[in-house]
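Please read this report alongside the sequence and the structure shown below.

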Amino acid sequence: MAWYLILLPLLAAGVAYRTESVSRRIQLLPLTAVLHLAGLVVALVLASLRGWDARGVWLGLDALGGWVLLVVSVLFALCAFYAPAYLALRPERDNRIFIVCFLCFLGMASLVAHARHPGLVWVAMETTTLTSAPLLYFNHNKHSLEAAWKYLIIGSVGIALALLGTFFLAYAAHMGDVNEPLQYSRLMLEAEKLSRPWLRAGFVLTLIGYGTKMGLAPLHTWKPDAYGETPGIVGALLAGGVTSCAFLALLRVYAVVAAAGEAAFAQELLIGFGLLSMAWALVLMIRQQDFKRLLAYSSVEHMGILVFGIGIGGVAARYALFHLAANALVKSALFMSAGNIHRCYASRQLPQVTGAIRRTPVSAWVFLLGFLAVTGMPPFAPFISEFYIASGSFAQSHPWLGALYLCLLGGIFLAMSDTVLKVVFGTPSPRRVRTPYADTPATTVPLVAALGLALILGLWLPGPLDTMLHSASTWVEGQP
Amino acid sequence: MLADVFIALIMLTNFTLVVTNRIQKAIQLAVLQGVILGLLPLAMGLWRIPHIVLMCAAAIAVKGWLIPSLFRRAMRQVKIDREVGPYISFSASLLLCAVGTGFAIALAKYLPLKLGTPRLWVPASLATLLTGFLLLVSRRKAITQVVGYLVLENGIYLFALLLVEEMALLVEAGILLDLFVGIFVMGIVINHIRTAFDSIDTRQLAALKE
């Protein structure tokens, strides 16, 4: 099953590259998404019946990888069903490279989720950077070129540090006479033998490296540029997909550190990075005129919430994993609706974009509800995870951290609401640019579906998913 | 020992790199460093183990032949303006490189090593990494930034050679492939930058900010 999930998107990418007909090429996206999601569901059902297959040296699926891949695959499906309508709005841009890179990304995400070996996880993560760089350059203008260059250079340097961290981890094992094949479950079982200085240094480097890919402050500098300059659909894929993969890669190392009994050291770092990211995002959200950059800072904030939850541990760690799904779903709705509004107004700046509710009612409603969901309004899924992360931090006797976290969430709500309310409800500007864009079912159904899934997940978590989350979080806490 | 000589050579190339004015020369030095790294396991007397020899051959092929050919292609398209264009003076670069090397030596004291490992190994690797980082942030031209990235990767590769007898061939191949594809993609982006801005000076790339 692992090979099917990894090779299917790559094969589809190969076919897309050779397909001359534009409409057929575009249809490969939803087709691959459905086949991938179906294959993954089969794999997960099989795993829940027969137990997780995590013993392979190179590839295998455990609860954590399965959960993250499920999130990415659903997100990819939402994007893939939105893509045909979006690409039809941009007939002037050649979409061959776009579709090939989109599909390659899914293959590499499957590889990250299945990889059992630290080196293989790294190789797959680096490849996701390389496949997403051309996506950023879809608009082919000077600004998107600048964003792509920054993303490529900052992302490559960050991920190079993660490689050094991976080698440090391998050397920590080497010092303790644990040698190849170094798969993660083996490292966790023999974690007692690992050399502590190397393990700690390795964790710091992987946190910096994969943290750069996630966009934790202060390593997030590529993020607002990248998300601002790309189509909303690519923003959705980056904010929900690439970041989730990087988070998974970080959790793999964290689990080894936790198994070695060094969790306290790692948790301090994670809490620090988490709160710093939230605070940094808050400052830059205030009076933010560009609504796509606003979403980029919201992504920085939510990456902060993820690592904060892991740093608190216990219930908060489990709900941090839940938050991964909540964030991916709501962010995809937000980015794609922001993309629609951008298409309609031909601008992303506040004074020009006001009163979207009259020109693009559905997209504007999704944007508004998505904003409410992402800032933690019940009954959407992010409310559940943000609530349990807060209550977890009080339960784990970190009342001050919990209070600070809640204050930051409140501040972010206020800062975001200013811009979002103006975009949605403000008085339409008199000098408006006429564009052919109008909401159609094809451009809005995937958005509504994403928001609907976030709503369902907020009200009801199906039993099998709950079991999966439980075993994933015990894995993260260091028990393979 | 021969390995010590090689490591000393790598550290010397670091210092030469930061005072180099010509892009062409900087590329040659980074490539030279990569080839020395490729030969290092053989100098350690590991040439009897087939999979290590294969690894070395792959590393030398990628770092000594494929990557330079990518750079040559990028340089052909950039006709004029072949100086690296530093933000800071060469003497300041040299000073920072020396400080970085000292820092690397101090840092490596805290990390225990297996018996019989040359003491200069980890400091040299960290120093090369920091040199790459210095080149990356203190040079204006997009191509020189890629050279910085290559030097940074060289530093990481030097550290990885501590584990050469352990490392799986698949991982090594994946890393080399990613390095090659990474520089290939950077080359494409540089080409687009050149056509869009008519220059490869990254000061042009400063429109996006708060």
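In chain A, helix α10 (residues 232–259) and helix α13 (residues 315–345) pack at an angle of about 160°, with their axes 6 Å apart. Here axes are lines fitted to C-alpha atoms, for helices over the stretch in contact, and angles run from 0 to 180 degrees between N-to-C directions. That angle makes α10(A) roughly antiparallel to α13(A), a label given to angles over 145 degrees. The crossing of α10(A) and α13(A) is right-handed, which is to say that the near helix is turned clockwise from the far one by less than a right angle. The residues of this contact divide into nine nonpolar, eight polar and one charged, where Ala, Val, Leu, Ile, Met, Phe, Trp, Tyr, Cys and Pro count as nonpolar, Asp, Glu, Lys and Arg as charged, and the others, Gly among them, as polar.

This is a predicted model, in which local features need pLDDT of at least 70 and side-chain atom pairs count only at pLDDT 80 or more, whereas totals for chains, interfaces and linings use all residues. Residues are numbered from 1 along each chain as its sequence is written, while chains are lettered from A and ligands numbered from 1 in the order in which they are written.

| Helix pair | Angle | Axis distance |
|---|---|---|
| α10(A) and α13(A) | about 160° | 6 Å |
| α4(B) and α5(B) | about 145° | 8 Å |

The crossing of α4(B) and α5(B) is right-handed. Among the residues of α4(B) in this contact are Ser93(B), Leu96(B) and Gly100(B), and those of α5(B) include Val122(B), Leu126(B) and Leu130(B); two residues are in contact if their C-beta atoms, placed from the backbone, lie within 7 Å. The residues of the contact divide into twelve nonpolar, five polar and no charged.

Chain B has seven helices and zero strands, where helices (H or I, at least four residues) and strands (E, at least two) are DSSP runs, numbered from the N terminus. Along its principal axes the C-alpha trace of chain B spans about 55 × 35 × 30 Å.

Between the chains, 34 residues of chain B are in contact with 36 residues of chain A. On the side of chain B that touches chain A, the elements giving two or more residues are α5, α6 (142–160) and α7 (169–197), and the largest share, 13 residues, comes from α7(B). The residues of that side divide into 25 nonpolar, four polar and five charged.

Key. Parallel < 35°, antiparallel > 145°, perpendicular 65-115°, else oblique.
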